[in-house]
Amino acid sequence: MFLVNRSPSLPNWAFFIERGAVLERGRIAFFTAPRNELVRKHFGETPALFGKRVLGLPGDIVVHRDGHAWIRQAHSGGGFVDFDAGALKPLTSSGERLDPGPTGAVPKGCYFMGSPHKDGFDSRYAAIGFVCSRQVVGVAR
């Protein structure tokens with residue numbers, strides 16, 4: 001699949017999507033967004049695929065602290081590293097309330113998807129939440 005990018009939250013203008021590829025931390029993956037009122041209002045009844053970076057893997061711990069989402073990532077050499085996944089904004093650019101996303105362990109088969117863009121609409125917010133395997137279309141190349 002070939003996708004042209006219209007979002008300022010991704011680095012490239014186009015992507016080749018590899019279906020069935022394994023999601024790895026740091027890679028960009030495309031997924032279908034949840035169906036809820038906030039997504040519908042901003043992206044329409046049938047939104048385009050969302051593309052975000054895989055920031056949290058199953059078993060990583062998500063916490064909200066000091067107005068930011070943080071991911072405690074386990075490392076193969078032992079120990080953990082806390083990664084700042086971005087600020088939690090209280091409102092959308094048009095004034096709707098943004099509820100903070102899920103906290104706790106990222107469930108098996110799910111991921112915390114994020115963006116370095118300050119206005120990224122991603123797993124930091126409840127309207128997106130954890131992205132699970134059934135939503136994932138593929139990994140970007």
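Asp 122 is buried in this predicted model, with a relative accessible area of 0%.

**Around Asp 122**

- Setting aside neighbours within four places in sequence, Asp 122 is in contact with Lys 52, Met 113, Gly 114, Ser 115, Ile 128 and Gly 129.
- Ala 85 is 37 residues from Asp 122 along the chain, and the C-alpha atoms of the two are separated by 9.9 Å.
- What does Phe 121 touch, once residues up to four places away in sequence are left out? The list is Leu 38, Val 39, Phe 43, Phe 50, Lys 52, Leu 98, Ala 127 and Ile 128.

**Nonpolar cores**

- The largest nonpolar core has 29 residues, and Phe 112, Met 113, Phe 121 and Ile 128 touch the most other members.
- Two or more residues of this core come from each of strand S3 (28-31), helix H1 (37-43), strand S4 (50-56), strand S6 (68-74), strand S9 (110-114) and strand S10 (131-132).
- S9 gives the most to this core, with four residues.
- A second, separate core holds eight residues, among them Leu 3, Leu 10, Phe 15 and Phe 30.

**The sheet**

- Seven strands make up an open sheet with antiparallel pairing, in the order S1-S2-S11-S3-S4-S9-S10.
- Why is one side of S1 and of S10 left without a neighbour in the sheet? These two strands stand at the edges, and each has a single partner strand.
- Strand S11 (residues 136-140) is largely enclosed by the rest of the structure, because four of its five residues are buried.
- S11 is joined to S2 by two bridges, the two running antiparallel; here Ile 17 stands opposite Ala 140 in S11.
- S11 also pairs with S3 in the antiparallel sense, over three bridges, and Phe 30 stands opposite Gly 138 in S11.
- S3 and S4 are antiparallel partners over four bridges, with Arg 53 in S4 as the bridge partner of Ile 28.

- Phe 2, Val 4, Trp 13 and Phe 16 make a nonpolar surface patch of about 520 Å².
- Trp 13 sits in the loop between strand S1 (2-4) and strand S2 (14-18).
- Is Trp 13 buried or exposed? At 64% relative accessibility, Trp 13 counts as exposed, because the cut-off for that label is over 50%.

**Salt bridges**

- How many salt bridges does the structure hold? There are 10 salt bridges.
- Arg 25 and Asp 60 meet through their side chains in one of them, at 2.7 Å, N to O.
- That pair links distant parts of the chain, 35 residues apart: Arg 25 is in the loop between S2 and S3, and Asp 60 is in the loop between S4 and strand S5 (61-65).
- Arg 25 is partly exposed at 30% relative accessibility, whereas Asp 60 is buried at 4%.
- Arg 40 forms a salt bridge with Glu 37, with the closest N and O atoms 3.8 Å apart; both residues lie in helix H1, three residues apart, about one turn of the helix.
- Arg 40 counts as partly exposed at 30% relative accessibility, and Glu 37 counts as exposed at 55%.
- A network of salt bridges links Glu 37, Arg 40 and Glu 45.
- Asp 99 and Arg 97 form a salt bridge whose closest N and O atoms are 2.7 Å apart.
- Asp 99 is partly exposed, with a relative accessible area of 36%, while Arg 97 counts as exposed at 64%.

Note on methods:
Residues are numbered from 1 along each chain as its sequence is written. This is a predicted model: local features need pLDDT of at least 70, side-chain atom pairs count only at pLDDT 80 or more; totals for chains, interfaces and linings use all residues. Side-chain values use heavy atoms; hydrogens and water are left out. A nonpolar core is a set of buried Ala, Val, Leu, Ile, Met, Phe, Trp, Tyr and Cys residues joined through side-chain atoms within 4.5 Å. Buried means under 20% relative accessible area, exposed over 50%, partly exposed in between (1.4 Å probe, protein chains only). Contact means heavy atoms within 4.5 Å. Patches are made of residues with over 30% relative accessible area and no salt bridge: like charges are joined within 9 Å, nonpolar side chains (Val, Leu, Ile, Met, Phe, Trp, Tyr) within 5 Å. Accessible areas come from the Shrake-Rupley method with a 1.4 Å probe; for residues, only the protein chains shown count as cover. A salt bridge is a side-chain nitrogen of Lys or Arg within 4 Å of a carboxyl oxygen of Asp or Glu. Two strands pair if DSSP finds at least two bridges between them.
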